[in-house]
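Please look over the model below. My notes follow as numbered points.

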Amino acid sequence: MDSDSDKKKLDNKPEPILAVIDDISQINSIIISFWGKNSIYDNQFYYKVLKENLSYVYKIDNEIIAVCLVDCFHKEKQISIALLCVKKAYKRNGLGKSLLQFCIDNSIQKGYNEIYLHVATTNGNAIKLYEKCGFHKIEFVRNYYTIDRPPHNNAYLMRLGKGNKREKSLDDS
């Protein structure tokens with residue numbers, strides 16, 4: 001567990017910066033630090049997602065401290081939040097929530113009207129964050145993640161609610 005002395009307090013949040021191909025190695029390092037040895041994405045995925053110009057990072061002194069990767073499905077006008085990750089030292093500064101909200105707002109401005117994400121069923125902190133941001137669970141997906149860390153393989157599919165109309169969620173069942 002991280003000690004409080006390992007945490008970095010930010011006086012001001014950095015501005016979101018469009019993620020680019022040159023950021024892949026730093027993004028990959030953040031993912032590996034969270035998931036372990038194996039990255040959950042390959043370079044082909046990074047190239048696809050980054051060329052959409054909807055993924056953003058926070059940087060301090062040219063170091064990525066948070067990333068939100070957004071995958072789009074043009075025909076359906078949908079996006080998927082493929083990854084939201086904050087370096088351990090910078091957690092609890094509101095970076096994840098603010099970067100997620102920025103990417104959602106930016107995507108909506110560009111015409112994407114359905115927003116989804118998957119989250120590990122064991123990641124309680126992320127689930128709480130997503131629910132605070134308006135997402136709700138709509139499906140349980142067994143073995144969604146291909147990593148070999150049961151029970152972390154299972155996920156919830158979550159959807160951002162539309163306006164005041166709330167769709168039926170798993171929690172309503």
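Is arginine 159 buried or exposed?

1. Arginine 159 is buried, at 9% relative accessible area. Buried means under 20%, exposed over 50%, partly exposed in between (1.4 Å probe, protein chains only).

2. The model is predicted: local features need pLDDT of at least 70, side-chain atom pairs count only at pLDDT 80 or more, and totals for chains, interfaces and linings use all residues. Residues are numbered from 1 along each chain as its sequence is written, and side-chain values use heavy atoms, with hydrogens and water left out.

3. Arginine 159 forms a salt bridge with glutamate 114 at 3.5 Å, N to O. The term means a side-chain nitrogen of Lys or Arg within 4 Å of a carboxyl oxygen of Asp or Glu. The partners sit in strands β7 (155-160) and β5 (114-120), 45 residues apart. Strands are DSSP runs of E, at least two residues, numbered from the N terminus. Glutamate 114 is buried as well, at 17%.

4. Aspartate 23 and lysine 59 also form a salt bridge, with the closest N and O atoms 3.0 Å apart. Aspartate 23 lies in the loop between β1 and α1, lysine 59 in strand β2, 36 residues away. Aspartate 23 is buried, at 3%.

5. Strand β2 (56-60) is largely enclosed by the rest of the structure, because 4 of its 5 residues are buried. β2 pairs antiparallel with β3 (63-73) over 5 bridges; pairing requires at least two DSSP bridges. Lysine 59 faces isoleucine 64 in β3. The two strands form a hairpin with 2 residues between them, and aspartate 61 in the turn has a positive phi of about 50°.
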